[in-house]
Amino acid sequence: MELISGKHPLIIVVGSGGVGKTTLAASLGVVSAREGRDTLVMTFDPSMRLKQTLGVGEEARLREMPVAFDAPGKLHASLLDARLTFDRLIERYAPDEESRRRVLGNRFYQHLSGTLGGILEYMAVERLFEVASDGRYGQVVLDTPPTRQALDFLEAPKRIVGFLDSGALRVALKPWFDDEGRLKAASKWGILGRRAERFLDEVVGMDLLRDMAEFFQAFGPLYEGFRDRALEVGELLRSKQTLFVLVTGPGEERIPDTLFFARKLEEAGYNLGPIVVNRVHPMFLVEGTPPASGDPCRPTGWELLTWAGQRDRRGLVELAKLLSREQPLVDLPLLPDEPTDLPSLEAMGRQLEGRLAEWERYVSRSS
Amino acid sequence: MNPIEQISRRQLLVVTGKGGVGKTVVAATLGRALAASGRRTLVVEVDPRENLHQMMGTPPSGGDIMAAEPRLWVQNLKPQQVLDQIVREQLKLELLTRRVLDSPIYQQFAVGAPGLKELAILGHTYRLLHGLGGPGTPEIDTVILDAPATGHGVALLAAPALVSEVITNGPFARMAKDLATLIDDPERCGVVVVTQAEEMPVEEALELRTALQQRVRRDPELLVINGLYPPAPPAADPGAKENELVSLWRRRRLLNERELSRLKESWQGPRVELPQLPLDRGPELLGILGRCFAESARGL
């Protein structure tokens, strides 16, 4: 498996929340720098201690920060902040001060909950594209937002293009309102128009519509460039050089989720690399029955950990059965402590490398 | 009064927390406890992947309200369907409805308009609580909302106020206003935060509390700390080789204890602790967890 050998300048780590994506992304970055590549780890929401290890503070939201790591390749880290990127984009592209103020001050923009045609997700991809194309890094590792938002995130460029081509924007950009904030059509169409206006006002409220129309008009000039850019970003994500690593947790109840995610990625034409089952309880051999407490609310560690070890093993076997034989699948054990410092991150990355090599040997032997 | 008795008087309980901490199992446990105490309770799950039915041992809901136990119902809710339904009721004409629902503008609007999906979820619970659920729907005293992960949970509670700000009249505006009043009323609405005693979930739980205070001026009513490893036996002599199982057990428990004491220091308000149990998801797990919950809550 050429996961950490630099054949994939962009590695994207995906998976649902709470499975250790961020830690794994950081560990891949550490190993990559150790092997001599200038590396950037882009993450959304690292833990406090991981932030301290990487030495990223608020400033990492604005630029890539060097990590104090003594290795042949330079290691950098940055935090993705979609909202900030969006604000900055508007600052940059607004033709004048007045239109800048109009967008930033628009209520619709301020409350934009993050999904209008995937614009906010798109902003994060936009930043990724910037660093991926400027050639400063031999390796970029991207940690994605938790849960299925990651899929929204990946589909953001496509949805932006879809939105631009749907005609919705053209409609939204029409001058709907006159200077007094009344619907133009209403005066043109006489009584029918006034009824339409009253109807709209009752259903969604005229204020919201005015805010939306104003937002699109102020934002309109930015859209054209967006379309080309979004297509390019989509291409980057689907390139053979971009590798997806799917991280999941152990246990049978995670399997449907993992399969769903893997299928979605492949259907959408992304290059899915290994599936990593993280935090797998080790199998412990306990002679006889594990010492029990007799109180169902107070199981002993013996009961719990032997049960969890078996459950996780069962889950792994089940998952392996459901995946194609060509699909790399490896597991990483639950560690006594979460890796947060650089040496333990490096150890984790090395362990993953080792597990992947084992998987390859196993597959080539059995074929 | 015991905080559990207190929350069982609420009409709406929002259960929220970081992804993967066990919100659904806690929502189901609360649901059973409330139903057992006599409240007619509906547990609503907002997640396209249905999990709740597995836990309860009921058939998948597919969007319908399903009876699970005496006085207990479950439902998997799809916000988009609720929104479409509102459009249908407003427009009444089938042809016009189809045109609206199919138009790219509506589709962009429904996904993107701030707070609309959240409002749809809350609006649905509001109608059920007021007996407006339509023919065949049960009468409900309490709705427990298994809310989407953290950030979205705050967005959910902030939605009515936000919508009343941008939409000033019409049916959405009226519903938003009623909902904002419901959420503002600590007698009728409560928030339950679920976490695990690990660094990231605790971090998020603390951030969530701040966000709730700032955006909806509410304190969570209860913190549920889920999935604790059992207390470990005293450490072996230094230098002696310890059994690997015991060593993993002790270190994971230590991690739990570190976060428990952080919560003790920084979380004001009642906390319930739930153990990790050697059982798969399902009715048996819920049964025992219910007992553990009651036991831990008695100590409050």
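Modeller: Helices are DSSP runs of H or I, at least four residues, strands are runs of E, at least two, and both are numbered from the N terminus.

Colleague: What do the side chains of Arg355(A) and Glu358(A) do?

Modeller: They meet in a salt bridge, 2.4 Å from N to O. The term means a side-chain nitrogen of Lys or Arg within 4 Å of a carboxyl oxygen of Asp or Glu.

Colleague: What are the ground rules?

Modeller: This is a predicted model; local features need pLDDT of at least 70, side-chain atom pairs count only at pLDDT 80 or more, and totals for chains, interfaces and linings use all residues. Residues are numbered from 1 along each chain as its sequence is written, chains are lettered from A and ligands numbered from 1 in the order written, and side-chain values use heavy atoms, without hydrogens and water.

Colleague: How many salt bridges over all chains?

Modeller: The count is 30. One of them joins Glu338(A) and Arg279(A), at 2.9 Å, N to O. Glu338(A) is in the loop between β8 (329-333) and α14 (342-366), and Arg279(A) is in strand β7 (residues 272-280), so the pair ties together parts 59 residues apart in sequence.

Colleague: Is Arg279(A) buried or exposed?

Modeller: Buried, with a relative accessible area of 19%. Glu338(A) is partly exposed at 23%. Buried is under 20% relative accessible area, exposed over 50%, partly exposed in between (1.4 Å probe, protein chains only).

Colleague: Which residues form a network of salt bridges?

Modeller: Glu35(A), Arg37(A), Arg350(A) and Glu353(A) are linked that way.

Colleague: New topic. How many cavities of 30 Å³ or more?

Modeller: Five. On a 1 Å grid over the protein atoms alone, a cavity is a set of points where a 1.4 Å probe fits but cannot get out; lining residues have an atom within 4 Å of a point. Volume is the space filled by probe spheres set on the points.

Colleague: What volume does the largest cavity have?

Modeller: About 80 Å³. β7, β8 and α14 of chain A each supply at least two lining residues.

Methods:
1 Å grid on protein atoms, 1.4 Å probe; cavity = no way out; pocket = protein on both sides within 12 Å on 5 of 7 lines; lining within 4 Å.
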